[in-house]
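Hi,

Here is the structure I promised to pass on. Have a look at it first, and my notes follow below.

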Amino acid sequence: METIPRYRGAQRRSRNTVVGALSAIVLAAMSMSAQAGVTPDMISTDATTPSDVLTVGMGQSGQRYSSLSKINTQTVVDLVPAWTFSFGDEKQRGQETQPLIYNGKMFITGSYSRLWALDVKSGKKLWAYEHRLPDGIMPCCDVVNRGAALFDDLVIFSTLDAHLVALNQETGKVVWNEKLDDYKAGYSNTAAPLIVKNLIVTGVSGGEFGVVGRVDARDAKTGKLVWSRPTVEGHMGTLNGKDNGITGKTNASWEGDQYKSGGAATWLGCTYGADVDLIYCGTGNPSPWNAHTRPGDNLYSSSTLAIKADTGKIVWSYQSTPHDSWDFDGVNEFIPFDMKKDGKTIKAGAKADRNGFFYVLDRTNGKLLGASPFVSQQTWASGVDMKTGRPIETANRPGDPGKEDKGSSVFAAPSFLGGKNWMPMAYSQNTGLFYVPSNEWGMDIWNEPITYKKGAAFLGAGFTIKPLYEDHIGVLRAMDPATGKIVWEAKNGAPLWGGVMSTAGNLVFTGTPEGYLKAFDAKTGAELWKFQTGSGVVGQPVTWEQDGEQYVAVASGWGGAVPLWGGEVAKKVKDITQGGMLWVFKLHTSKANSVALK
Amino acid sequence: MNRVLARVSLMLLALWLPTSVLAADDDADEAVLDQLDQARERGVLEVAVYRDFPPYSYPQQGKYVGADVDLAAALARKIGLPLKVRPIMPGDDADDDLRNNIWKGHYLGGGVADVMLHVGMDPQYVARQDKADLFSPYFREAVSIAYRPGRYKNLTTPMALVGTKVGVELGSISDYYMSGAYGGRLRTSAVRLPTTQAAVQALADDEIDSVMAPRGELQGLMKMIGGLSIETRTTEFQGLFRTAWDVGIAIKAGNPKLKAAIQIALQELQTSGELKSIYAAYGVDYVAPEMASTAAASH
């Protein structure tokens, strides 16, 4: 990562005494109180400080790479549980969270907008926060939460009723609580917020009709809105309460007033490239679903947007699925990394899109550097034109429900759940490879001309998701960003739905719905270790170091969007039991020989 | 299949078969009480109606009112149970509503209601539902246009709307029609508003020229807003797959007692003219369904 030389040493905290190191920072800053907490500098160097995990994504760029190597291809066989924590009560369902580790505490979110602080050494619960959810919330895809953010003495997370709540790290008491949007209009929020300097950055999710995506930046200390950037052209942004320019150009890629409800929700949040001061956010599909009624590219739906952190203005955009007909979305994480190619180092960023292409862009200007499939089948496009950056389509768009009767069914791959869905990939600075949790499935789409909405006739579409292969849906793939080639792959019966992490120990960790946390050899894909957690793993693993030992943690608890969709996929997952458990692992050292090992 | 007979034959079989065989059978839930008996045990009939859906079901001074709410109350009264209204947020389409409110329940919890009103009743749609029983059509809706008298000289074809401002509810059939019909020539004439109510209000405020929406909604909203001199016109909209449709009642499939009780109650309300009065109270001209209720009930 590009910031290592600048920060290493100067800000790196001691392994054993987090408190001592904090005091040093406090003294250096002079202006902070004795309880000084997480600073913007600490956030920006999180990826290089293995004694803590301050950000979801293990760094603002979301590489999910750790420089720790005590757990490695040789030692991982000795990885055993250290402690566990049950989320408790009847509220189980999907646990898509990522733990944060700071100041002797672990902060972990759970389904139904819950958050706990645990003693990181023992797993003892220090406090719990259960957000009071109103009746009538309508989250589209389970009641998950994807993790919190740390800033100063706050731990901040978004809730199913579309609030952003900041709690005191010590007490769990609410410090501020800001409404992101109206849950009654179908808004919700499940993504982890992103801290950039003194700002906390969030997107919006939910609201199938009438929603317009946007990115909001608030003062992380107070929750007050600083800027807001709509993701659909024609909408005015704001900065400090004043107009801040219209997104794009009104009606350039939309007709009439359709842009006013154009979709492009930012439901998976953002990443940040500190060296170029750009916030990268993916946007969802345009609205309405039926593409025939909204001609044009429908900017900036199904795109990656690069937004200047200080101004809230869009610097560049790249649309992966123009005029999206398949609900491919474009929300996936864009991960800045330095690409070595032809002897040069390129400021790049990569995104494994739901549409099945692995894109590499110049992170400074959005120029397309490469696009290659990371799934075995793509029916909708034969490739991406490197000159225009646009997909080369194959006439695989679903028919117009207003014109045709049922019968003309189209098979499209990937399915609308994507070649990759929300689950974040990882980049290894060791191998230079990306590790992509992908799924091999397609969908039949047909027109359902006779259905109803709120008691009125309506044009609908029917979908059935179909696995492409008998024996597997999920495939963990290692992609070389410089060549676009798949280096190795590891198949899995059920669809993969959990995050990936890579380490300097040459390991790649990810979970499976079958209940395993697994470790693979980062170079070969050989499965080296697995542990049965008791329920499906759809969480995001992390690793950190404490008292000279390396730890790995992941949440277990089956859920998310997959079990909510029927079809043939349901058969693969119907026997998975629910759960809600955090598992923490470390290397086994017998008391008999621990002295010798030290 | 006659469910009562099925239960009898299962009971006979039970004398011969090990219980594990029965447990694997799809009819194993025959032992579950009919939804009507469950409602009687609970002492309340829970009826799902759409939330914020005037003039059929909407909040007024902290209470749910509307034609569907009154119909629900009349049904409950005839069945002899107190009414509990469940205002529901509509899903992407009615399949979601039936799943979340009638036969499965939402995954967030809350269980199901006994009855759901205002369910579209196209025969093909009814036939497609295997988990919900759709029957007793009780009203007929038709897409209509409301406008001030004289605003359109000759509204025999929707093309007369081109170049005027036509309010539509976002994501509704009217929105789709304006966006897609005639190769999209009406697309830029649509003013998309969050609800039909907002569209009628915009018409009352002279911000738009007309509103396209189901007739009952238009009439009811015009009465609510009041003092409007507005014409409504129902025309055949070419290219729109359904101009008019019946709405009826849904319950979870396999509850013959509840179904029979509702059918009888509704029949009485229709015959006595009470149903027509309920609609009239909200300014809606009652239009009887076209489907024979017996045909729909034979599902």
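The buried residues of helix H7(B) are Ile173(B), Ser174(B), Asp175(B), Tyr176(B), Tyr177(B), Met178(B), Ser179(B) and Gly180(B). That makes 8 of 8 for this helix, which spans residues 173-180 of chain B. Bear in mind that this is a predicted model.

So what covers H7(B)? From chain B, the cover includes strands S6 (132-147), S7 (166-169), S8 (190-193) and S9 (210-214). Chain A takes part too, with strand S33 (456-467) among the covering elements.

After H7(B) comes Tyr182(B), in the loop between H7 and S8 of chain B. Tyr182(B) counts as partly exposed because it has 16 other C-beta atoms within 10 Å, while a buried residue needs 20 or more.

Chain A has a residue of this kind as well: Lys197(A), not a glycine, has a positive phi of about 55°. Look for Lys197(A) in the loop between strands S12 (194-196) and S13 (199-202). With 16 C-beta neighbours inside 10 Å, Lys197(A) is therefore partly exposed.

Two peptide bonds in chain A are also worth a look on your screen:

- Leu299(A) and Tyr300(A) are joined by a cis peptide bond, with omega about -5°. Tyr300(A) sits in the loop between strands S20 (278-282) and S21 (303-308).
- Ala413(A) and Pro414(A) are also linked in cis, with omega about 0°. Pro414(A) is in the loop between strands S29 (410-412) and S30 (426-427).

Cheers

Conventions
Residues are numbered from 1 along each chain as its sequence is written. Chains are lettered from A and ligands numbered from 1 in the order in which they are written. This is a predicted model: local features need pLDDT of at least 70, side-chain atom pairs count only at pLDDT 80 or more; totals for chains, interfaces and linings use all residues. A residue is buried if 20 or more other C-beta atoms lie within 10 Å of its own, exposed if 12 or fewer, and partly exposed in between; C-beta atoms are placed from the backbone. Helices (H or I, at least four residues) and strands (E, at least two) are DSSP runs, numbered from the N terminus. Two residues are in contact if their C-beta atoms, placed from the backbone, lie within 7 Å.
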